[in-house]
Structure formats: C-alpha cells, structure tokens
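This report goes through a single protein chain.

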Amino acid sequence: MSKQSASQDRAHMARALELAALGLYTTDPNPRVGCVVANADGMLGEGWHARAGEPHAEVLALRAAGPQARGASLYVTLEPCSHTGRTPPCADALIAAGVARVVCCTRDPNPKVAGAGIERLLRAGIAVEVGLFADEARSLNGGFFSRFERGRPYVRLKLAMSLDGRTAPAGGRRMWISGEASRADVQTWRARSSAVLTGAGTVRTDDPQLNVRLRYGPWVRQPLRVVLDTMLTSPRSAKIFNDDEALVFAAADAALGAFKDLKVERIPRTGGGLDLDAVMQNLTAREVNELLLECGPTLAGAFIAKQLVDELVLYVAPKLLGCDAAPLMRIQLGVQMLPVFEFSDMQPMGEDVRLILKVKKS
C-alpha cells in the first residue's frame, strides 16, 4: 500500500468516527457507528447509525454511494454485524453491494458477531483490515465494550465539590455547589448515559428528577432512572417517581407500601446496603452500557470501595464550605485496595472547573 493510500485510509476512517459520534445521545443500547464508502477518487457515500431499529451506518453509506460502491472500499468504526437483530445483517449488504475492501476499527464484542461478520466477508472474497483507530472507536463505545467484555456497564461518577472538597453545607441545607454552566454540562452526561442512578438519601435531601431537559437533535432519549432504596423509605411524592418510569432496587424484606405501582426489583443485601454487584448484573441484563452515578457521599464511597467506578466527572466550584460540611465521599475503614485515578481532561465551566479522571490501568 502506498503512503498516499494509508493517508486516505486514515482520513476516511477519521470521518467515519466523526459520523459515529453523531449518535452519541441516541443509539443506546446499540453502539455508535459511522461509515464511509470511498475509492481512489474520493468519498462516495457516508452514513451513521441514529437509533436502535433504524438502518445501520453501513446500509446508509451504501445507499448514498449507490452503484459506485461496487469495487470500492468501505470504512466502518465497528465490525459489520452478521446476525439478524432489529435489522438484517450488514455483512450481507456489503457482499451484495460488491465492495472490494472493508476497513474496520475493531471487532464487535457482542458474541452474536465476535468476528463472524469479518469471516463472512472474507469467505465472499472481500479484503478485510482491522485495527485502524481502534482505541478511538473503543473510547466512543466504552460502555458497549464494557457490557460484553466485563459483564457490567461503564460507570461514571459525577460529583460537584467546593475548593475544600465538600459537597453540601453542614446541617443538610440544600445548596447548588456548581454554577449554571456546570449544571448544563451534566445534561450532556445524562443524555449519553443508558441509566442514571442515585440513592434514597439524595432523593430525600435534593428531590432530583435526573432527566434530560435539553434537546439534542430531533430526538430526546431519556435514560433509565434508578434509585437504590434498601427499605423503600423514599417519599412516594418525590419528583423522580412522578411518571412511574423509575426503577427501584430494594431489599427482599422491604414492604412495598406506596411503591406497589412502581417497578421494584429485589436485590440481596450485603453489609449495610444492597449488593452492588447484583445491581450491576441486573442493569447489564437491561442492556445498560453507560451508567451515570449522581449520588451522595455514602453511595459514592460504596461504589468506589467496590472498584465499580471507571471515571470521575468532578466539578470544582470556587467556594469554601468548611470542615463540618458533607465530604466528597465516605469510604469505610478496612478497605484494602482503592482505585488509582489519573487526570484525563480539564475544562473551565463558567466559574467552575470540570475535571475528568479515569482509573489508571495497571
């Protein structure tokens, strides 16, 4: 392959990744995928997957390219599917279109595909290359890969704190720690998440809705709202329960009472609360890719102690609350190992600063 061809490959795949990112807030539980069809003269067609049940990126790109797709190269950010789900197999569409070569960033971790799409293309005489911009494609679909490779969602913990590491004033008084720009930014994290999870303490203290109130393109997809409430002590009148769509996890011995009309899942106890591993298993079965935690210091500390947090989104406000204010998180003594984080990004958010930290790989 000539140097120019390698450069073209990178340019077309970079465009495919840009297209995939257009589905950041809409494709769940499907992965975000983009596709470009091109030949030596340039791009012939492009497409991106918008929503589950609608055409995949490859099909849309092939439609845009039309007959010119025959003998062309196709660049796609994830292995073409080989099974019939909500839509027919993309691998068959590529074969029927007569493309000569397929370049994809990475294999699909879904066991229904897991290399079978690539094998089908190879048997049809189509050249296949895998690995270009693999890290970028995996990062765009971190939750999708986590669900299939680790058996749990990618967990993102959102926290807002003062300069002295406090999250609420002493005495439990309600107060916005972060500014309007930070709160607007939180909407984007909710919008991309499959589910947003909080605890009964936050429901009682802050009465949050945890919904998406900003519009992203033509669709607004609300994440699943999840409440951990061991003994069902949250007020039934809380805003999060207004539309009866919230999912509540409770212990087996918790009386339903006013919650009999809500979706309540029974979860085993462990220590002083619910078994978080069982919570993760339940959410994985519900096809939750990305889980956003918006909770108080006790539940945040429990997720950290169980090493279930992959990423911190931390908003730091230029305020001081004093040593008696609520801490960032509470972690019980005796925890042997805690995750080590490293800084990934820092951005100003109005008067605040947003820090993103990811678990440091060993």
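## Helix α6 and its cover

Six of the eight residues of α6 are buried, so this helix is largely enclosed by the rest of the structure. Buried here means under 20% relative accessible area, exposed means over 50%, and partly exposed lies in between (1.4 Å probe, protein chains only). Helices (H or I, at least four residues) and strands (E, at least two) are DSSP runs, numbered from the N terminus. The buried residues of α6 are G142, G143, F144, F145, S146 and R147. Their cover includes α5 (134-140), β6, α9 and β14 (290-293). Just after α6, G151 has a positive phi of about 70°.

## Basis of the model

The model is predicted: local features need pLDDT of at least 70, side-chain atom pairs count only at pLDDT 80 or more, and totals for chains, interfaces and linings use all residues. Residues are numbered from 1 along each chain as its sequence is written, and side-chain values use heavy atoms, with hydrogens and water left out.

## Overall fold

The chain contains ten helices and 18 strands. Its radius of gyration is 23 Å, close to the 21 Å that the globule rule gives for 362 residues, so the chain is as compact as a globular protein of that length. The radius is taken over C-alpha atoms, and the rule is 2.2 Å times the number of residues to the power 0.38. Along its principal axes, the C-alpha trace spans about 70 × 45 × 40 Å.

Of the 362 residues in the chain, 52% are buried. Among contacts (heavy atoms within 4.5 Å) between residues at least 6 apart in sequence, 69% join residues at least 24 apart. The chain exposes about 16,800 Å², and carbon and sulfur atoms supply 52% of that area. Accessible areas come from the Shrake-Rupley method with a 1.4 Å probe; for residues, only the protein chains shown count as cover.

## Charges and salt bridges

The mean positions of the 44 positive and 39 negative charges are 2 Å apart. Lys and Arg count as positive and Asp and Glu as negative, while His and the chain ends are not counted. Each charge is placed at NZ of Lys, CZ of Arg, CG of Asp or CD of Glu. A search of the whole structure finds 24 salt bridges, defined as a side-chain nitrogen of Lys or Arg within 4 Å of a carboxyl oxygen of Asp or Glu.

One of them pairs E46 with R15, with the closest N and O atoms 2.8 Å apart. E46 lies in strand β2 (residues 42-48) and R15 in helix α1 (residues 3-21), so the pair ties together parts that are 31 residues apart in sequence. E46 is partly exposed at 26% relative accessibility, and R15 is partly exposed at 33%.

R150 is partly exposed at 44% relative accessibility, whereas D310 is buried at 9%.

D277 forms a salt bridge with K306, the closest N and O atoms being 2.9 Å apart. D277 belongs to helix α9 (residues 276-285) and K306 to the loop between α10 and β15, so the partners are in distant parts of the chain, 29 residues apart. D277 is partly exposed at 31%, and K306 is partly exposed at 41%. Salt bridges that share partners also join R32, R156, R192, E290 and E311 into one network.
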